[in-house]
There are 2 protein chains.
Amino acid sequence: MSCQMEAQGMTKPDRVTAAVLVIGDEILSGRTKDKNLGYIAEYLTHIGIDVCEARVVPDIEDEIITALNALRNRYTYVFTTGGIGPTHDDITADAVARAFGVGISVNEEAVAMLLERIPRQELNDARLRMARIPHGANLIANPVSKAPGFRMENVIVMAGVPAIMQAMLDEVAPTLETAVPLTSQTVEVREKEGDVAAPLRAIQEAMPSVQIGSYPFFEDGVYGTRIVARGRDPEAVRRAAEMIGAMAAELAAAAKSADKSA
Amino acid sequence: MSCQMEAQGMTKPDRVTAAVLVIGDEILSGRTKDKNLGYIAEYLTHIGIDVCEARVVPDIEDEIITALNALRNRYTYVFTTGGIGPTHDDITADAVARAFGVGISVNEEAVAMLLERIPRQELNDARLRMARIPHGANLIANPVSKAPGFRMENVIVMAGVPAIMQAMLDEVAPTLETAVPLTSQTVEVREKEGDVAAPLRAIQEAMPSVQIGSYPFFEDGVYGTRIVARGRDPEAVRRAAEMIGAMAAELAAAAKSADKSA
(Lines give C-alpha, C1' and ligand atoms only; values in the text may rest on other atoms or scores of the structure.)
Protein backbone atom coordinates (compact mmCIF):
# COMPACT_ATOMS: atom_id res chain seq x y z
CA MET A 1 0.00 0.00 0.00
CA SER A 2 1.12 3.48 -0.60
CA CYS A 3 2.21 4.29 2.95
CA GLN A 4 4.94 1.80 2.11
CA MET A 5 5.54 3.15 -1.36
CA GLU A 6 6.37 6.56 0.05
CA ALA A 7 8.72 4.99 2.53
CA GLN A 8 10.42 3.29 -0.40
CA GLY A 9 11.00 6.70 -1.97
CA MET A 10 8.32 6.59 -4.67
CA THR A 11 6.50 9.81 -5.33
CA LYS A 12 2.71 9.74 -5.19
CA PRO A 13 1.47 13.20 -6.07
CA ASP A 14 -2.10 12.01 -5.95
CA ARG A 15 -1.81 10.40 -2.57
CA VAL A 16 -4.25 11.06 0.27
CA THR A 17 -3.47 9.60 3.69
CA ALA A 18 -5.35 9.18 6.95
CA ALA A 19 -5.04 8.00 10.52
CA VAL A 20 -7.79 6.65 12.74
CA LEU A 21 -7.89 7.65 16.42
CA VAL A 22 -10.19 5.50 18.55
CA ILE A 23 -10.98 7.18 21.90
CA GLY A 24 -12.31 5.28 24.89
CA ASP A 25 -11.41 3.39 28.07
CA GLU A 26 -13.93 0.71 27.17
CA ILE A 27 -11.90 -0.36 24.12
CA LEU A 28 -8.66 -0.61 26.13
CA SER A 29 -10.31 -2.61 28.92
CA GLY A 30 -11.73 -5.01 26.34
CA ARG A 31 -15.28 -4.37 27.56
CA THR A 32 -16.25 -3.08 24.12
CA LYS A 33 -14.68 -4.65 21.03
CA ASP A 34 -13.89 -1.96 18.49
CA LYS A 35 -15.63 -2.40 15.15
CA ASN A 36 -14.98 1.07 13.78
CA LEU A 37 -11.36 0.78 12.70
CA GLY A 38 -12.00 -2.10 10.28
CA TYR A 39 -15.04 -0.36 8.83
CA ILE A 40 -13.31 3.00 8.36
CA ALA A 41 -10.18 1.36 6.92
CA GLU A 42 -12.15 -0.57 4.30
CA TYR A 43 -14.34 2.45 3.46
CA LEU A 44 -11.44 4.88 3.01
CA THR A 45 -9.35 2.40 1.03
CA HIS A 46 -12.24 2.01 -1.41
CA ILE A 47 -12.59 5.74 -2.02
CA GLY A 48 -8.86 6.32 -2.45
CA ILE A 49 -7.61 7.34 0.99
CA ASP A 50 -4.82 5.26 2.52
CA VAL A 51 -5.07 4.57 6.24
CA CYS A 52 -1.45 4.62 7.39
CA GLU A 53 -1.79 4.34 11.15
CA ALA A 54 -4.34 3.87 13.91
CA ARG A 55 -4.20 4.51 17.64
CA VAL A 56 -6.45 3.76 20.58
CA VAL A 57 -6.21 6.11 23.57
CA PRO A 58 -8.07 6.29 26.90
CA ASP A 59 -10.46 9.06 28.02
CA ILE A 60 -7.62 11.29 29.20
CA GLU A 61 -7.47 14.75 27.67
CA ASP A 62 -3.66 14.96 27.49
CA GLU A 63 -3.45 11.56 25.81
CA ILE A 64 -6.04 12.51 23.22
CA ILE A 65 -4.32 15.83 22.49
CA THR A 66 -0.87 14.26 22.14
CA ALA A 67 -2.13 11.61 19.73
CA LEU A 68 -4.23 14.13 17.77
CA ASN A 69 -1.33 16.51 17.27
CA ALA A 70 1.05 13.71 16.25
CA LEU A 71 -1.43 12.38 13.68
CA ARG A 72 -2.91 15.58 12.25
CA ASN A 73 0.52 16.98 11.43
CA ARG A 74 1.48 13.82 9.61
CA TYR A 75 -1.54 12.69 7.56
CA THR A 76 -4.03 14.36 5.23
CA TYR A 77 -6.91 13.45 7.55
CA VAL A 78 -7.49 12.14 11.07
CA PHE A 79 -10.76 10.35 11.82
CA THR A 80 -11.66 10.08 15.50
CA THR A 81 -14.37 7.89 17.03
CA GLY A 82 -15.87 8.11 20.50
CA GLY A 83 -16.21 10.56 23.37
CA ILE A 84 -18.85 12.95 22.00
CA GLY A 85 -21.82 11.92 24.16
CA PRO A 86 -23.42 13.79 27.09
CA THR A 87 -21.55 12.31 30.09
CA HIS A 88 -18.49 13.41 32.07
CA ASP A 89 -16.25 10.91 30.27
CA ASP A 90 -17.06 12.44 26.86
CA ILE A 91 -14.16 14.84 26.44
CA THR A 92 -13.23 14.60 22.77
CA ALA A 93 -14.61 18.02 21.73
CA ASP A 94 -12.69 19.77 24.51
CA ALA A 95 -9.53 17.89 23.62
CA VAL A 96 -9.85 18.91 19.95
CA ALA A 97 -10.38 22.56 20.93
CA ARG A 98 -7.27 22.48 23.12
CA ALA A 99 -5.23 20.67 20.45
CA PHE A 100 -6.05 23.47 17.98
CA GLY A 101 -5.82 26.24 20.59
CA VAL A 102 -9.35 27.50 19.94
CA GLY A 103 -12.33 28.14 22.19
CA ILE A 104 -15.34 25.89 22.54
CA SER A 105 -18.95 26.76 23.29
CA VAL A 106 -22.53 25.72 22.61
CA ASN A 107 -23.17 25.97 18.88
CA GLU A 108 -26.66 27.19 17.93
CA GLU A 109 -26.77 25.15 14.71
CA ALA A 110 -25.95 22.03 16.75
CA VAL A 111 -28.68 22.93 19.27
CA ALA A 112 -31.18 23.17 16.40
CA MET A 113 -30.14 19.68 15.30
CA LEU A 114 -30.64 18.29 18.82
CA LEU A 115 -34.09 19.94 18.98
CA GLU A 116 -35.18 17.91 15.93
CA ARG A 117 -35.23 14.91 18.24
CA ILE A 118 -35.16 16.09 21.84
CA PRO A 119 -38.11 18.08 23.29
CA ARG A 120 -36.88 21.50 24.47
CA GLN A 121 -37.77 20.74 28.13
CA GLU A 122 -35.48 17.65 28.01
CA LEU A 123 -32.53 19.63 26.63
CA ASN A 124 -30.67 19.73 29.94
CA ASP A 125 -27.06 20.80 30.51
CA ALA A 126 -25.78 17.28 29.87
CA ARG A 127 -27.49 17.06 26.47
CA LEU A 128 -26.31 20.58 25.64
CA ARG A 129 -22.76 19.25 26.08
CA MET A 130 -23.34 17.43 22.79
CA ALA A 131 -23.75 20.85 21.11
CA ARG A 132 -20.41 22.19 22.43
CA ILE A 133 -18.31 22.58 19.29
CA PRO A 134 -14.79 24.00 18.92
CA HIS A 135 -14.80 27.42 17.29
CA GLY A 136 -14.14 27.24 13.57
CA ALA A 137 -15.36 23.66 13.15
CA ASN A 138 -18.03 22.59 10.65
CA LEU A 139 -20.80 20.27 11.78
CA ILE A 140 -21.30 16.76 10.41
CA ALA A 141 -24.98 15.80 10.37
CA ASN A 142 -26.08 12.72 12.31
CA PRO A 143 -29.16 11.27 10.62
CA VAL A 144 -29.47 8.56 13.29
CA SER A 145 -29.68 10.41 16.62
CA LYS A 146 -29.08 14.03 15.53
CA ALA A 147 -26.20 14.97 17.90
CA PRO A 148 -23.65 16.06 15.28
CA GLY A 149 -20.01 15.26 14.69
CA PHE A 150 -17.71 17.95 13.39
CA ARG A 151 -14.72 18.65 11.24
CA MET A 152 -11.96 20.92 12.52
CA GLU A 153 -9.46 21.56 9.70
CA ASN A 154 -8.24 18.03 8.78
CA VAL A 155 -9.68 16.30 11.87
CA ILE A 156 -13.03 14.56 11.49
CA VAL A 157 -14.72 13.86 14.83
CA MET A 158 -17.33 11.09 14.84
CA ALA A 159 -19.40 9.13 17.34
CA GLY A 160 -18.29 5.78 18.78
CA VAL A 161 -21.59 3.96 18.23
CA PRO A 162 -20.98 2.09 14.94
CA ALA A 163 -24.32 2.89 13.25
CA ILE A 164 -23.91 6.60 13.98
CA MET A 165 -20.23 6.66 13.01
CA GLN A 166 -21.09 4.98 9.70
CA ALA A 167 -23.80 7.54 8.94
CA MET A 168 -21.40 10.40 9.73
CA LEU A 169 -18.75 8.87 7.46
CA ASP A 170 -21.33 8.81 4.63
CA GLU A 171 -22.05 12.48 5.34
CA VAL A 172 -18.44 13.60 5.28
CA ALA A 173 -17.05 11.35 2.52
CA PRO A 174 -18.25 13.43 -0.45
CA THR A 175 -16.36 16.45 0.94
CA LEU A 176 -13.00 14.66 1.19
CA GLU A 177 -10.08 14.87 -1.19
CA THR A 178 -9.35 11.42 -2.61
CA ALA A 179 -6.71 9.81 -4.83
CA VAL A 180 -7.04 7.03 -7.40
CA PRO A 181 -8.24 4.07 -5.33
CA LEU A 182 -5.95 1.09 -4.96
CA THR A 183 -6.70 -1.86 -7.20
CA SER A 184 -6.20 -5.30 -5.74
CA GLN A 185 -6.30 -8.85 -7.03
CA THR A 186 -6.31 -11.95 -4.83
CA VAL A 187 -4.88 -15.26 -5.98
CA GLU A 188 -5.65 -18.29 -3.84
CA VAL A 189 -3.07 -21.06 -4.02
CA ARG A 190 -3.14 -24.53 -2.48
CA GLU A 191 0.37 -24.17 -1.20
CA LYS A 192 1.64 -23.46 2.27
CA GLU A 193 3.04 -19.99 2.89
CA GLY A 194 6.52 -21.42 3.47
CA ASP A 195 6.51 -22.95 -0.02
CA VAL A 196 5.44 -19.81 -1.87
CA ALA A 197 7.64 -17.44 0.11
CA ALA A 198 10.78 -17.63 -2.07
CA PRO A 199 9.11 -17.27 -5.51
CA LEU A 200 6.84 -14.59 -4.04
CA ARG A 201 9.78 -12.54 -2.87
CA ALA A 202 11.19 -12.71 -6.43
CA ILE A 203 7.87 -11.47 -7.84
CA GLN A 204 7.78 -8.65 -5.27
CA GLU A 205 11.31 -7.63 -6.28
CA ALA A 206 10.35 -7.66 -9.98
CA MET A 207 7.22 -5.57 -9.36
CA PRO A 208 8.17 -2.84 -6.89
CA SER A 209 5.10 -0.69 -7.68
CA VAL A 210 2.81 -3.48 -6.46
CA GLN A 211 2.51 -4.39 -2.80
CA ILE A 212 2.27 -8.16 -2.34
CA GLY A 213 0.89 -9.60 0.90
CA SER A 214 0.33 -13.25 1.77
CA TYR A 215 -2.18 -14.68 4.23
CA PRO A 216 -2.09 -18.39 5.11
CA PHE A 217 -5.32 -20.27 5.72
CA PHE A 218 -6.43 -23.73 6.77
CA GLU A 219 -9.98 -24.47 5.63
CA ASP A 220 -11.86 -27.75 5.08
CA GLY A 221 -8.69 -29.71 5.70
CA VAL A 222 -6.73 -27.81 3.05
CA TYR A 223 -3.70 -25.62 3.69
CA GLY A 224 -3.41 -22.68 1.36
CA THR A 225 -2.32 -19.09 0.99
CA ARG A 226 -4.24 -16.08 -0.23
CA ILE A 227 -1.90 -13.76 -2.05
CA VAL A 228 -3.00 -10.18 -2.50
CA ALA A 229 -1.43 -7.85 -5.08
CA ARG A 230 -2.32 -4.23 -4.53
CA GLY A 231 -1.36 -0.99 -6.23
CA ARG A 232 -2.51 2.16 -8.04
CA ASP A 233 -1.52 0.95 -11.52
CA PRO A 234 -4.17 -1.63 -12.53
CA GLU A 235 -1.96 -2.98 -15.34
CA ALA A 236 0.94 -3.65 -12.95
CA VAL A 237 -1.44 -5.33 -10.48
CA ARG A 238 -2.79 -7.50 -13.29
CA ARG A 239 0.73 -8.53 -14.34
CA ALA A 240 1.73 -9.33 -10.75
CA ALA A 241 -1.40 -11.48 -10.31
CA GLU A 242 -0.51 -13.27 -13.57
CA MET A 243 3.01 -13.99 -12.30
CA ILE A 244 1.57 -15.30 -9.02
CA GLY A 245 -0.82 -17.57 -10.95
CA ALA A 246 2.06 -18.89 -13.08
CA MET A 247 4.12 -19.54 -9.94
CA ALA A 248 1.25 -21.53 -8.43
CA ALA A 249 0.89 -23.63 -11.60
CA GLU A 250 4.62 -24.34 -11.59
CA LEU A 251 4.61 -25.39 -7.92
CA ALA A 252 1.60 -27.67 -8.55
CA ALA A 253 3.31 -29.27 -11.59
CA ALA A 254 6.52 -29.81 -9.60
CA ALA A 255 4.54 -31.46 -6.79
CA LYS A 256 2.78 -33.72 -9.32
CA SER A 257 6.02 -34.83 -10.97
CA ALA A 258 7.55 -35.43 -7.52
CA ASP A 259 4.55 -37.66 -6.71
CA LYS A 260 5.05 -39.58 -9.96
CA SER A 261 8.76 -40.12 -9.42
CA ALA A 262 8.11 -41.22 -5.83
CA MET B 1 -9.05 2.72 34.84
CA SER B 2 -5.67 3.29 36.27
CA CYS B 3 -4.07 4.88 33.20
CA GLN B 4 -6.42 7.71 34.11
CA MET B 5 -5.69 7.51 37.80
CA GLU B 6 -2.03 8.14 37.18
CA ALA B 7 -2.84 11.10 34.97
CA GLN B 8 -4.92 12.44 37.86
CA GLY B 9 -1.87 12.27 40.09
CA MET B 10 -2.77 9.19 42.13
CA THR B 11 0.05 6.85 42.99
CA LYS B 12 -0.35 3.17 42.11
CA PRO B 13 2.73 1.37 43.34
CA ASP B 14 1.28 -1.96 42.30
CA ARG B 15 0.39 -0.86 38.82
CA VAL B 16 1.40 -2.80 35.71
CA THR B 17 0.75 -1.23 32.31
CA ALA B 18 0.84 -2.40 28.73
CA ALA B 19 0.45 -1.28 25.14
CA VAL B 20 -0.63 -3.38 22.18
CA LEU B 21 1.09 -2.91 18.82
CA VAL B 22 -0.76 -4.48 15.89
CA ILE B 23 1.49 -4.85 12.84
CA GLY B 24 0.15 -5.35 9.33
CA ASP B 25 -0.95 -3.63 6.11
CA GLU B 26 -3.99 -5.92 5.95
CA ILE B 27 -5.47 -4.35 9.10
CA LEU B 28 -5.01 -0.80 7.80
CA SER B 29 -6.52 -1.63 4.40
CA GLY B 30 -9.52 -3.17 6.13
CA ARG B 31 -8.97 -6.49 4.35
CA THR B 32 -8.52 -8.25 7.70
CA LYS B 33 -10.54 -7.08 10.70
CA ASP B 34 -8.38 -7.12 13.81
CA LYS B 35 -9.65 -9.40 16.56
CA ASN B 36 -6.51 -9.47 18.66
CA LEU B 37 -6.68 -6.09 20.40
CA GLY B 38 -10.04 -6.79 22.06
CA TYR B 39 -8.93 -10.26 23.15
CA ILE B 40 -5.60 -9.08 24.58
CA ALA B 41 -7.23 -6.10 26.31
CA GLU B 42 -9.81 -8.25 28.05
CA TYR B 43 -7.24 -10.93 28.96
CA LEU B 44 -4.71 -8.52 30.44
CA THR B 45 -7.34 -6.50 32.32
CA HIS B 46 -8.49 -9.73 34.00
CA ILE B 47 -5.01 -10.67 35.20
CA GLY B 48 -4.21 -7.18 36.50
CA ILE B 49 -2.38 -5.47 33.63
CA ASP B 50 -3.85 -2.19 32.36
CA VAL B 51 -3.76 -1.67 28.61
CA CYS B 52 -3.16 2.08 28.27
CA GLU B 53 -2.69 2.47 24.53
CA ALA B 54 -2.79 0.56 21.26
CA ARG B 55 -1.38 1.31 17.84
CA VAL B 56 -1.70 -0.24 14.41
CA VAL B 57 1.23 0.25 12.01
CA PRO B 58 1.92 -0.99 8.46
CA ASP B 59 4.64 -3.46 7.41
CA ILE B 60 7.30 -0.76 7.27
CA GLU B 61 10.37 -1.34 9.42
CA ASP B 62 10.88 2.31 10.42
CA GLU B 63 7.24 2.65 11.46
CA ILE B 64 7.39 -0.49 13.57
CA ILE B 65 10.62 0.63 15.24
CA THR B 66 9.34 4.14 16.02
CA ALA B 67 6.15 2.79 17.58
CA LEU B 68 8.01 0.05 19.49
CA ASN B 69 10.48 2.49 21.02
CA ALA B 70 7.75 4.98 21.97
CA LEU B 71 5.70 2.26 23.68
CA ARG B 72 8.39 0.12 25.34
CA ASN B 73 9.88 3.14 27.09
CA ARG B 74 6.52 4.16 28.47
CA TYR B 75 4.73 0.98 29.58
CA THR B 76 5.65 -2.09 31.61
CA TYR B 77 4.99 -4.37 28.61
CA VAL B 78 4.38 -4.11 24.88
CA PHE B 79 2.50 -6.92 23.14
CA THR B 80 2.93 -7.07 19.37
CA THR B 81 0.87 -9.15 16.93
CA GLY B 82 1.66 -10.01 13.32
CA GLY B 83 4.60 -10.11 10.96
CA ILE B 84 6.41 -13.24 12.16
CA GLY B 85 5.60 -15.61 9.26
CA PRO B 86 7.87 -16.86 6.47
CA THR B 87 7.25 -14.29 3.71
CA HIS B 88 8.98 -11.08 2.62
CA ASP B 89 6.38 -8.91 4.37
CA ASP B 90 7.09 -10.54 7.76
CA ILE B 91 9.61 -8.11 9.22
CA THR B 92 8.69 -7.84 12.90
CA ALA B 93 11.68 -9.82 14.25
CA ASP B 94 14.14 -7.67 12.30
CA ALA B 95 12.40 -4.50 13.48
CA VAL B 96 12.61 -5.64 17.11
CA ALA B 97 16.32 -6.44 16.74
CA ARG B 98 16.97 -2.99 15.27
CA ALA B 99 14.85 -1.27 17.92
CA PHE B 100 16.98 -2.89 20.64
CA GLY B 101 20.25 -2.53 18.69
CA VAL B 102 21.01 -6.25 18.82
CA GLY B 103 21.85 -8.83 16.16
CA ILE B 104 19.46 -11.40 14.76
CA SER B 105 20.12 -14.89 13.46
CA VAL B 106 18.66 -18.37 13.16
CA ASN B 107 18.08 -19.73 16.68
CA GLU B 108 18.74 -23.46 17.09
CA GLU B 109 16.07 -23.90 19.76
CA ALA B 110 13.53 -22.30 17.41
CA VAL B 111 14.67 -24.61 14.58
CA ALA B 112 14.10 -27.61 16.85
CA MET B 113 10.56 -26.35 17.48
CA LEU B 114 9.90 -26.01 13.74
CA LEU B 115 11.23 -29.54 13.17
CA GLU B 116 8.54 -30.91 15.50
CA ARG B 117 6.08 -30.12 12.72
CA ILE B 118 7.98 -29.54 9.50
CA PRO B 119 9.96 -32.41 7.85
CA ARG B 120 13.65 -31.42 7.60
CA GLN B 121 13.59 -31.52 3.76
CA GLU B 122 10.77 -28.91 3.78
CA LEU B 123 12.67 -26.57 6.09
CA ASN B 124 13.63 -24.15 3.32
CA ASP B 125 15.10 -20.66 3.73
CA ALA B 126 11.65 -19.08 3.96
CA ARG B 127 10.58 -21.35 6.81
CA LEU B 128 13.94 -20.82 8.52
CA ARG B 129 13.06 -17.11 8.60
CA MET B 130 10.54 -18.04 11.30
CA ALA B 131 13.49 -19.20 13.45
CA ARG B 132 15.37 -15.89 13.13
CA ILE B 133 15.28 -14.47 16.66
CA PRO B 134 16.90 -11.29 18.02
CA HIS B 135 19.92 -12.05 20.22
CA GLY B 136 19.00 -12.07 23.90
CA ALA B 137 15.32 -12.88 23.37
CA ASN B 138 13.52 -15.81 25.02
CA LEU B 139 11.26 -18.00 22.92
CA ILE B 140 7.51 -18.28 23.50
CA ALA B 141 6.24 -21.75 22.58
CA ASN B 142 3.54 -22.06 19.93
CA PRO B 143 1.50 -25.19 20.64
CA VAL B 144 -0.62 -24.64 17.50
CA SER B 145 1.85 -24.46 14.62
CA LYS B 146 5.22 -24.56 16.46
CA ALA B 147 6.88 -21.41 14.95
CA PRO B 148 7.64 -19.58 18.20
CA GLY B 149 7.05 -16.03 19.36
CA PHE B 150 9.60 -14.40 21.60
CA ARG B 151 10.11 -11.97 24.41
CA MET B 152 12.83 -9.33 24.18
CA GLU B 153 13.08 -7.50 27.53
CA ASN B 154 9.58 -6.02 28.00
CA VAL B 155 8.41 -6.62 24.42
CA ILE B 156 6.33 -9.74 23.77
CA VAL B 157 6.19 -10.68 20.08
CA MET B 158 3.26 -12.85 19.01
CA ALA B 159 1.69 -14.17 15.81
CA GLY B 160 -1.18 -12.38 14.05
CA VAL B 161 -3.37 -15.45 13.55
CA PRO B 162 -5.80 -15.22 16.50
CA ALA B 163 -5.69 -18.90 17.56
CA ILE B 164 -1.88 -18.84 17.64
CA MET B 165 -1.71 -15.44 19.35
CA GLN B 166 -4.09 -16.68 22.04
CA ALA B 167 -2.01 -19.79 22.69
CA MET B 168 1.15 -17.67 22.95
CA LEU B 169 -0.55 -15.32 25.41
CA ASP B 170 -1.44 -18.34 27.57
CA GLU B 171 2.22 -19.40 27.42
CA VAL B 172 3.63 -16.04 28.43
CA ALA B 173 0.99 -14.90 30.95
CA PRO B 174 2.28 -16.88 33.96
CA THR B 175 5.68 -15.19 33.57
CA LEU B 176 4.30 -11.64 33.69
CA GLU B 177 4.29 -9.25 36.62
CA THR B 178 0.69 -8.34 37.49
CA ALA B 179 -1.10 -5.99 39.87
CA VAL B 180 -4.37 -6.40 41.75
CA PRO B 181 -6.92 -6.81 38.95
CA LEU B 182 -9.51 -4.11 38.49
CA THR B 183 -12.92 -4.88 39.94
CA SER B 184 -15.91 -3.68 38.00
CA GLN B 185 -19.64 -3.55 38.56
CA THR B 186 -22.20 -2.77 35.87
CA VAL B 187 -25.52 -1.15 36.65
CA GLU B 188 -28.09 -1.14 33.87
CA VAL B 189 -30.62 1.69 34.07
CA ARG B 190 -33.68 2.32 31.91
CA GLU B 191 -32.75 5.96 31.49
CA LYS B 192 -31.24 7.75 28.54
CA GLU B 193 -27.62 8.80 28.90
CA GLY B 194 -28.59 12.49 28.80
CA ASP B 195 -30.80 12.01 31.88
CA VAL B 196 -28.21 10.21 34.01
CA ALA B 197 -25.30 12.44 33.00
CA ALA B 198 -25.66 15.11 35.71
CA PRO B 199 -26.16 12.80 38.75
CA LEU B 200 -23.45 10.51 37.34
CA ARG B 201 -20.96 13.36 37.20
CA ALA B 202 -21.73 14.08 40.88
CA ILE B 203 -21.09 10.43 41.78
CA GLN B 204 -17.83 10.47 39.80
CA GLU B 205 -16.72 13.59 41.68
CA ALA B 206 -17.61 11.97 45.03
CA MET B 207 -15.72 8.78 44.16
CA PRO B 208 -12.45 9.80 42.49
CA SER B 209 -10.80 6.38 43.02
CA VAL B 210 -13.48 4.73 40.87
CA GLN B 211 -13.64 5.22 37.13
CA ILE B 212 -17.23 5.56 35.95
CA GLY B 213 -18.09 5.01 32.28
CA SER B 214 -21.51 5.11 30.66
CA TYR B 215 -22.62 3.29 27.52
CA PRO B 216 -26.03 4.00 26.01
CA PHE B 217 -28.02 1.20 24.39
CA PHE B 218 -31.26 0.78 22.50
CA GLU B 219 -32.54 -2.80 22.72
CA ASP B 220 -36.01 -4.33 22.23
CA GLY B 221 -37.53 -0.86 21.94
CA VAL B 222 -36.04 0.29 25.25
CA TYR B 223 -33.51 3.08 25.67
CA GLY B 224 -31.12 2.59 28.52
CA THR B 225 -27.60 3.10 29.77
CA ARG B 226 -25.09 0.63 31.11
CA ILE B 227 -22.99 2.30 33.76
CA VAL B 228 -19.70 0.67 34.64
CA ALA B 229 -17.82 1.43 37.87
CA ARG B 230 -14.26 0.17 37.84
CA GLY B 231 -11.39 0.40 40.28
CA ARG B 232 -8.80 -1.43 42.36
CA ASP B 233 -10.60 -0.96 45.69
CA PRO B 234 -13.55 -3.40 45.64
CA GLU B 235 -15.24 -1.59 48.55
CA ALA B 236 -15.15 1.75 46.69
CA VAL B 237 -16.48 0.10 43.53
CA ARG B 238 -19.30 -1.46 45.56
CA ARG B 239 -20.20 1.90 47.08
CA ALA B 240 -20.16 3.65 43.69
CA ALA B 241 -22.44 0.96 42.22
CA GLU B 242 -24.77 1.44 45.19
CA MET B 243 -24.90 5.19 44.57
CA ILE B 244 -25.63 4.56 40.88
CA GLY B 245 -28.44 2.17 41.83
CA ALA B 246 -29.91 4.75 44.23
CA MET B 247 -29.71 7.41 41.52
CA ALA B 248 -31.58 5.13 39.08
CA ALA B 249 -34.32 4.47 41.67
CA GLU B 250 -34.67 8.20 42.30
CA LEU B 251 -34.94 9.00 38.58
CA ALA B 252 -37.54 6.24 38.12
CA ALA B 253 -39.59 7.54 41.09
CA ALA B 254 -39.43 11.11 39.73
CA ALA B 255 -40.61 9.91 36.31
CA LYS B 256 -43.49 8.00 37.93
CA SER B 257 -44.66 11.00 39.97
CA ALA B 258 -44.37 13.20 36.85
CA ASP B 259 -46.61 10.69 35.00
CA LYS B 260 -49.15 10.80 37.84
CA SER B 261 -49.28 14.61 37.96
CA ALA B 262 -49.64 14.78 34.18
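Strand β10 (residues 211-219) of chain A and strand β11 (residues 222-231) of chain A pair in the antiparallel sense through nine bridges; helices (H or I, at least four residues) and strands (E, at least two) are DSSP runs numbered from the N terminus, and two strands count as paired if DSSP finds at least two bridges between them. A:Glu219 has A:Val222 as its bridge partner in β11(A). Two residues lie between the strands of this hairpin, and there A:Asp220 takes a positive phi near 50°. The model is a predicted one, in which local features need pLDDT of at least 70 and side-chain atom pairs count only at pLDDT 80 or more, while totals for chains, interfaces and linings use all residues. Residues are numbered from 1 along each chain as its sequence is written, and chains are lettered from A and ligands numbered from 1 in the order in which they are written.

B:Asp220 is found in the loop between β10 and β11 (222-231) of chain B, and its phi is near 50°, a positive value in a residue other than glycine. Most residues other than glycine have a negative phi. B:Asp220 is exposed, with 6 other C-beta atoms within 10 Å; here a residue is buried if 20 or more other C-beta atoms lie within 10 Å of its own, exposed if 12 or fewer, and partly exposed in between, with C-beta atoms placed from the backbone. Back in chain A, A:Glu153 also has a positive phi, of about 50°, although it is not a glycine. A:Glu153 sits in the loop between β7 (149-152) and β8 of chain A and is partly exposed, with 15 other C-beta atoms within 10 Å.

Chain A is divided into domain 1 (2-175) and domain 2 (183-261), with bounds that come from an automatic or database domain assignment. The centres of the two domains, taken over C-alpha atoms, are separated by 38 Å.

A:Ile64, A:Ala67, A:Leu68, A:Leu71 and A:Arg72 are the buried residues of α4(A). Seen down the helix axis, these buried residues fall within an arc of 115°, so they line one face of α4(A); the arc is that of the directions from the helix axis to the C-beta atoms. An α-helix has 3.6 residues a turn, so residues three or four places apart point the same way. The buried residues of α4(A) pack against β1 (17-23), β2, β3 (77-81), α5 (92-100) and β8 (155-158) of chain A, where contact means that the C-beta atoms of two residues, placed from the backbone, lie within 7 Å. Just after α5(A), A:Gly101 takes a positive phi of about 65°.

In chain B, five of the five residues of β3(B) are buried, so this strand is largely enclosed by the rest of the structure. B:Tyr77, B:Phe79 and B:Thr81 point one way from β3(B), whereas B:Val78 and B:Thr80 point the other way. Strand β1 (residues 17-23) of chain B runs parallel to β3(B) and is joined to it by five bridges, with B:Phe79 as the bridge partner of B:Val20. Strand β8 (residues 155-158) of chain B is also parallel to β3(B), with four bridges, and B:Val78 has B:Val155 as its bridge partner. B:Thr81 counts as buried, with 31 C-beta neighbours inside 10 Å. Leaving out residues up to four places away in sequence, B:Thr81 touches residues including B:Val22, B:Asn36 and B:Met165.

The two chains meet in a contact that takes 50 residues from chain B and 50 residues from chain A. Elements giving two or more residues to the chain B side include α3 (36-47), β2 (50-57), α9 (193-206) and β10 (211-219) of chain B. Strand β2 (residues 50-57) of chain A pairs with β2(B) in the antiparallel sense over three bridges, and A:Arg55 has B:Arg55 as its bridge partner. B:Ala198, placed in helix α9 of chain B, is in contact with A:Asn124, A:Asp125 and A:Ala126, leaving aside its neighbours within four places in sequence.
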